[in-house]
Amino acid sequence: MKTNREYGDSVDGERDVKRQKIVDSLSSPSEEPLVPYNDDEDDEKRTLNHTGGGEEDGHRVESEEEEDDDLYGQGSIIGKPNRQVEVRRDCPYLDTVNRQVLDFDFERFCSVSLSNLNVYACLVCGKYYQGRGKKSHAYTHSLEAGHHVYINLRTEKVYCLPDGYEINDPSLDDIRYVLNPRFSREQVEQLDKSKQWSRALDGSDYLPGMVGLNNIQKTDFVNVTIQSLMRVTPLRNFFLIPENYQHCRSPLVHRFGELTRKIWHARNFKGQVSPHEFLQAVMKASKKRFRIGVQSEPVEFMSWLLNTLHADLRTSKKSSSIIHKCFQGELEVVKETQNKAISEKKENSGEQNGAPKITDGVSENNNIATETYRMPFLMLGLDLPEPPLFKDVMEKNIIPQVPLFNILKKFDGETVTTTVRPPARMRYRVTRLPQYLILHMRRFTKNNFFREKNPTLVNFPVKNLELKDYIPLPAPTKENEKLRSKYDLIANIVHDGKPDEGFYRVFVQRKSEELWYEMQDLHVSETLPQMVALSEAYMQIYEQQQ
């Protein structure tokens with residue numbers, strides 16, 4: 001009897017244990033819930049395992065939180081063990097890397113999930129995929145297509161999938177430099193002295209800084225503005241070194257810096273750059289005022305870009321920025337307006353026959369209120385004379401020509417400019433000259449029916465524009481300081497064709513050889529300085545002689 005009772009007790013005990021196991025298994029989640037995809041922040045949370053004993057047989061072992069298997073971004077599960085990530089110098093798949101297909105100019109979004117979190121580029125086909133955990137798109141692509149080498153677009157670390165080890169090979173450094181071009185301060189200082197050409201992967205030669213920009217769709221107005229700003233040395237040098245604007249959170253500033261570094265980079269895989277990421281930042285920052293597929297005027301874009309960059313870069317409301325240091329000058333404005341109070345008084349006190357009386361000692365000549373004030377400027381707008389209405393004897397319209405100095409007289413302090421709304425007479429005088437002077441010729445006029453273009457040619461000097469001979473300039477404030485009023489042309493934006501169907505191109509100077517280049521989107525060709533002056537100038541940038 002005793003043995004039977006003991007046997008029955010042991011059977012009951014086994015049943016209790018089995019029941020407990022079933023309850024435990026039901027209470028523990030067997031599968032992770034399907035929540036929105038957000039892969040590992042793998043490379044951010046990596047820590048070196050210093051207790052692991054260093055390198056063995058050319059391999060290094062790193063300790064990494066096992067977040068790659070946590071595919072849905074829930075990496076804070078308690079009790080997860082740290083996983084060892086192996087770093088290897090040899091990888092059998094390095095010969096499959098195809099540099100011809102790599103293009104890092106486009107937005108860094110996964111081509112499947114369209115997410116910008118933790119994106120990797122496949123170095124075999126050039127496509128972007130998210131994550132590298134076992135259920136990620138990059139992992140799946142590595143198994144389906146047999147493409148095994150991937151680079152993290154943010155951390156620049158290279159991995160082999162599906163094996164999961166990191167590749168530490170110096171032969172991949174050129175890809176890292178194309179992904180994120182870098183410049184030292186010594187390299188930046190030597191840019192304007194270098195005469196060296198670079199060679200792209202397809203064998204074509206290109207000049208760093210003189211590369212074509214892709215016209216995505218009617219974005220030539222952006223391309224000519226960027227190309228002309230790349231000639232402004234202090235602005236270019238500032239944006240080539242990201243440490244100068246680390247404090248800034250504006251995506252527009254960082255995209256502009258990236259584009260500047262790509263244009264001046266000497267180790268590109270191709271001889272042109274696509275400003276796709278910059279255009280996306282422009283569309284977002286301008287609230288679609290400037291967008292892909294809609295033609296705009298370079299002067300409006302230049303004005304918006306300079307003001308927005310200045311507002312984003314300055315640390316306080318009163319602080320300056322590199323934009324104002326380069327382009328800001330000062331005007332003295334004398335504004336004459338008709339005094340409404342006096343004119344109403346005169347009308348009311350006038351006799352029935354309309355003859356006005358002089359009351360309160362105010363004569364007819366004193367019916368004008370004069371206001372004088374100073375205002376800063378980033379660019380000067382110049383008015384072109386009206387083109388002739390009638391054809392000549394040869395039945396052709398005469399295209400008039402005007403010297404630049406004639407239209408600069410607007411700023412001599414004596415020439416009167418009349419404004420319609422509000423009605424006023426304005427006189428302008430330059431009181432401080434900027435280091436870089438931007439001039440804009442107002443070629444386009446709009447009315448209720450259509451847009452007209454003024455074809456007048458402006459004759460201007462390419463070198464030694466002496467302003468003090470034509471407009472009065474202020475004397476230097478310091479004793480030993482010389483008046484710097486001589487300017488050299490460095491960029492000239494031109495409009496060709498009809499007002500609504502035309503296109504923009506730009507002439508820019510390469511300082512190292514003092515040669516001129518004509519740039520229209522992807523086309524870059526050397527040209528003569530004489531050809532620069534024969535075009536319908538739309539906007540110009542002049543550099544002050546030091």
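The model is predicted, so local features need pLDDT of at least 70 and side-chain atom pairs count only at pLDDT 80 or more, while totals for chains, interfaces and linings use all residues. Residues are numbered from 1 along each chain as its sequence is written, and side-chain values use heavy atoms, with hydrogens and water left out.

**The largest pocket**

Let us start with the open space. The largest pocket has a volume of about 870 Å³. Its lining counts 27 residues, and those closest to the centre are Arg108, Asn116, Arg255, Glu258 and Glu277. A pocket here is an open set of points on a 1 Å grid over the protein atoms alone, with protein on both sides within 12 Å along at least five of seven lines; lining residues have an atom within 4 Å of a point. The volume is the space filled by probe spheres set on the points.

Which helix gives the most to the lining of the largest pocket? Helix 7 does, with six residues. Helix 7 (251–263) and helix 8 (276–285) each supply at least two lining residues. Helices (H or I, at least four residues) and strands (E, at least two) are DSSP runs, numbered from the N terminus. The lining has ten nonpolar, five polar and twelve charged residues.

**Salt bridges**

Side chains of opposite charge can pair when their charged atoms come close. The structure holds 24 salt bridges, each a side-chain nitrogen of Lys or Arg within 4 Å of a carboxyl oxygen of Asp or Glu. Three of them are listed here.

| Pair | N to O distance |
|---|---|
| Arginine 99 and aspartate 174 | 2.7 Å |
| Lysine 270 and aspartate 105 | 3.2 Å |
| Glutamate 297 and arginine 451 | 2.9 Å |

Glutamate 297 lies in the loop between helix 8 and helix 9 (298–313) and arginine 451 in strand 21 (residues 451–453), so this pair ties together parts that are 154 residues apart in sequence. Both glutamate 297 and arginine 451 are buried, meaning under 20% relative accessible area, where exposed is over 50% and partly exposed lies in between (1.4 Å probe, protein chains only). Aspartate 105 is also buried, at 6%, whereas lysine 270 is partly exposed at 26%.

Leu528, Met531 and Leu534 make a nonpolar surface patch of about 330 Å². Such patches join nonpolar side chains (Val, Leu, Ile, Met, Phe, Trp, Tyr) within 5 Å, from residues with over 30% relative accessible area and no salt bridge. Methionine 531 sits in helix 13 (residues 529–532) and is partly exposed, with a relative accessible area of 43%.

Technical notes: Patches are made of residues with over 30% relative accessible area and no salt bridge: like charges are joined within 9 Å, nonpolar side chains (Val, Leu, Ile, Met, Phe, Trp, Tyr) within 5 Å. Accessible areas come from the Shrake-Rupley method with a 1.4 Å probe; for residues, only the protein chains shown count as cover. On a 1 Å grid over the protein atoms alone, a cavity is a set of points where a 1.4 Å probe fits but cannot get out, and a pocket is an open set with protein on both sides within 12 Å along at least five of seven lines; lining residues have an atom within 4 Å of a point. Ala, Val, Leu, Ile, Met, Phe, Trp, Tyr, Cys and Pro count as nonpolar, Asp, Glu, Lys and Arg as charged, and the others, Gly among them, as polar.
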